[in-house]
Amino acid sequence: AKVRTFGGWTELSRQVIERVDIPYLNTVMTALGLKYAKATNAALRAEIRKVIDDQVTASNTIELPASATVFDYRDAIVDAKEIYDDRGFLIDGLLLGKADFKRLQRLTYSEVPALKVNPTDEFSGTLTLPNADGDLASMPVHTLFGGYDGPMAFYDHTAVKSLESPNAPMQLQDD
């Protein structure tokens, strides 16, 4: 993969640095850090979308019915586990877009299952709406924002790796 550099800068005179209050400098550094986080998060989301798009093939696709039930989602987890096992990977979770997360949080049971799949009574998992994440039948679920509306995708955490330089995102120079 390409090495990409993200950065921003600001200029502070020596006089400002020596005379200004610490909260001012903290605000400047916080603003730079937030800008860095926004840029690196967008780049990582784009790379994840690229990996997903590259992997969507007939042999990698599990179709869900248009009106998928919680049991259809559970079946998809089992089917995905078989595919991942055959290829020597682990399933660490499920990524989905905002629209799919909204559909997921509206799932209801038409019948109570005969077997408990996880420790939460009659439920098949939990969703944390403020974070747009949770779990479905003990499978971590994460929403991929930034305009992602592609297919839901199971993932192995080794599929995409982001490495940062030591001291990222801050470096001070005396120039």
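**Note on charged side chains in a predicted model**

1. Lys81 is partly exposed, its relative accessible area being 37%. The structure discussed here is a predicted model. The side chain of Lys81 meets that of Asp85 in a salt bridge, with 2.9 Å from N to O. Asp85 is likewise partly exposed, at a relative accessible area of 44%. Because the two residues are 4 apart in helix H3, about one helical turn separates Asp85 from Lys81.

2. Helix H3 spans residues 70–87 and includes Asp79. Asp79 belongs to a negative surface patch, together with Asp75, Glu82 and Asp86. The relative accessible area of Asp79 is 36%, so this residue counts as partly exposed.

3. A further salt bridge links Arg14 and Glu18, whose closest N and O atoms are 3.0 Å apart. Both Glu18 and Arg14 are exposed. They lie 4 residues apart in helix H1 (residues 14–19), and therefore about one helical turn separates them.

4. Arg103 and Asp100 also form a salt bridge, at 2.3 Å from N to O. These residues are 3 apart in helix H4 (residues 98–104), which means a separation of about one helical turn. Is Asp100 buried or exposed? Asp100 counts as buried, with 11% relative accessibility, whereas Arg103 is partly exposed at 46%.

5. In total, the protein has 4 salt bridges. Its 4 helices and 5 strands follow the order α-α-α-β-α-β-β-β-β from the N terminus. Of the 175 residues, 23% are buried. The accessible surface comes to about 13,000 Å², and carbon and sulfur atoms account for 54% of it.

How values were computed. Residues are numbered from 1 along each chain as its sequence is written. This is a predicted model: local features need pLDDT of at least 70, side-chain atom pairs count only at pLDDT 80 or more; totals for chains, interfaces and linings use all residues. Side-chain values use heavy atoms; hydrogens and water are left out. Patches are made of residues with over 30% relative accessible area and no salt bridge: like charges are joined within 9 Å, nonpolar side chains (Val, Leu, Ile, Met, Phe, Trp, Tyr) within 5 Å. Accessible areas come from the Shrake-Rupley method with a 1.4 Å probe; for residues, only the protein chains shown count as cover. Lys and Arg count as positive and Asp and Glu as negative; His and the chain ends are not counted. The place of a charge is taken as NZ of Lys, CZ of Arg, CG of Asp or CD of Glu. Buried means under 20% relative accessible area, exposed over 50%, partly exposed in between (1.4 Å probe, protein chains only).
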